[in-house]
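I opened the notebook to log what I looked up in this model.

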Amino acid sequence: VGTFLTQPLMFAPGSAYHYSNPNFILLAYFVEKYSGMTFREYLSENIFSRMGLENTYFDFFNQALSLDPKRVGQYVRYYDNTTENLEPMAVGADVLQLDIGVASGTGGIISTAKEYATFWYVLFDKTTKGSPLISQSSQEAILAPWNLAGAGHINLPNGESYDTWTYYTQGTVVICLAEGCPGGPKWIMYTGGTITVRTANLLDYENFMMTQVWTSSIVAMTDHETFQHAFDSQIGNPNNVVNEWAQATQFNNPMYFAFMKMYENKTDAEAFWQKDEQHYSGVITRG
């Protein structure tokens, strides 16, 4: 907290939006201060245990003190973009496996796709309004549209189309079918990740159907000659080399797959994903 607490504000609170890890560090600090518990203890006792989440926990040290044999590794999968079927070339390790549990509230929670879905189903339940985890007013505050991220039009894979307004809320994003979300959100979504980890969680708030796409590896598109040249030259930061190849493909966009899976459209991209389904560590659709 001391590393940023004395820094000047970027803008007046509530007047703009900017992604901010320090906010979550500060929130975790208040949890510890007013509960008298460590952040790990508080999450375990008040959230994970109450919801029956047996494979979800907070690891401040990112396995440095206790190795979890069920944790997945992080990888880069290389494909030849000059071939019709995008033939696989190699699999490489993520040389900087990033976990920010050491920065407290900004990360460090380990879970499964199934248990994370359970958390969302309780948190965003329209009938119970988040009970027994939170109060109705807390759920409303979480989903309240704070900052407009953009307005546009969405064409769903099943042929439906909508005018949309997308808002940042408290810790997530909502997509609404009218400005200001007078009828509440149509979709609640969250997507994030590190260098090779990508997650997408999409909940249709009207019919309570959820789709998740979690991956512990990214797809890098290049050709054999370029790949071999990079391998032989030994020049440059590995992440910079990989990121350039990873930018050129939609297969690193898990939210694209989440929408596609929710509305069951069989496209070329989905056919590729099905062929190489080991690329994804968890894909779950529930209704």
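**Entry 1: a loop residue.** I started at A178, which is found in the loop between β7 (173-176) and β8. Helices (H or I, at least four residues) and strands (E, at least two) are DSSP runs, numbered from the N terminus. A178 counts as partly exposed, at 29% relative accessibility. My classes are buried for under 20% relative accessible area, exposed for over 50%, and partly exposed in between (1.4 Å probe, protein chains only).

**Ground rules.** I am working on a predicted model, where local features need pLDDT of at least 70 and side-chain atom pairs count only at pLDDT 80 or more, while totals for chains, interfaces and linings use all residues. Residues are numbered from 1 along each chain as its sequence is written, and side-chain values use heavy atoms, with hydrogens and water left out.

Entry 2: β6 and β7 run antiparallel and are joined by four bridges. I count two strands as paired if DSSP finds at least two bridges between them. The β6 and β7 hairpin has four residues between the strands, and G171 there takes a positive phi near 95°.

On to the other partner of β6. Strand β5 (residues 147-155) pairs with β6 in the antiparallel sense over eight bridges. I found L148 bridged to Y167 in β6. This hairpin has five residues between its strands, and G159 in the turn has a positive phi of about 100°.

**Entry 3: the three-stranded sheet.** Which order do the strands take in the open sheet of three? I read β3-β2-β11, with mixed pairing. β3 (88-93) and β11 stand at the edges with a single partner strand each, so one side of each is left without a neighbour in the sheet. Neighbouring strands here are turned by 25° against each other on average, direction ignored.

Strand β2 (residues 75-80) and β11 run parallel, joined by six bridges. I noted Y75 opposite S217 in β11. Y78 stands opposite A220 in β11.

Next I checked the helices on this sheet. α5 packs on the sheet and touches β2, β3 and β11; its direction makes about 30° with that of β3. α6 lies across β2 and β11, at about 75° to β11. Contact means heavy atoms within 4.5 Å. Axes are lines fitted to C-alpha atoms, for helices over the stretch in contact, and angles run from 0 to 180 degrees between N-to-C directions.

Why is β11 largely enclosed by the rest of the structure? Six of the six residues of β11 (residues 217-222) are buried, so the strand is largely enclosed. Both faces are covered: S217, V219 and M221 are buried on one side, I218, A220 and T222 on the other.

**Entry 4: helix α2.** I listed the buried residues of α2 (residues 39-48): F39, L43, I47 and F48. Seen down the axis, they fall within an arc of 85°, so they line one face of the helix. The arc is that of the directions from the helix axis to the C-beta atoms. These buried residues pack against α1 (21-35), β1 (57-58), β4 (109-110) and α3 (113-123).

**Entry 5: rings.** Rings of Phe, Tyr and Trp (its six-membered ring) pair if their centres lie within 6.5 Å; planes under 30 degrees apart count as stacked, over 60 as edge-to-face and the rest as tilted. The count comes to 16 aromatic pairs by this rule. One of them is Y162 and W187, edge-to-face at 6.0 Å centre to centre, with 80° between the planes. This pair links distant parts of the chain, 25 residues apart: Y162 in β6 (residues 161-168) and W187 in β8 (residues 187-193). Y162 is partly exposed, with a relative accessible area of 22%. W187 is buried, at 0%.

I also logged F227 and W245, a tilted pair at 6.2 Å centre to centre and 35° between the planes. F227 is in helix α5 (residues 224-233) and W245 in helix α6 (residues 238-246), 18 residues apart. Ring pairs also link Y116, F119, W120, F124 and W214 into a cluster.
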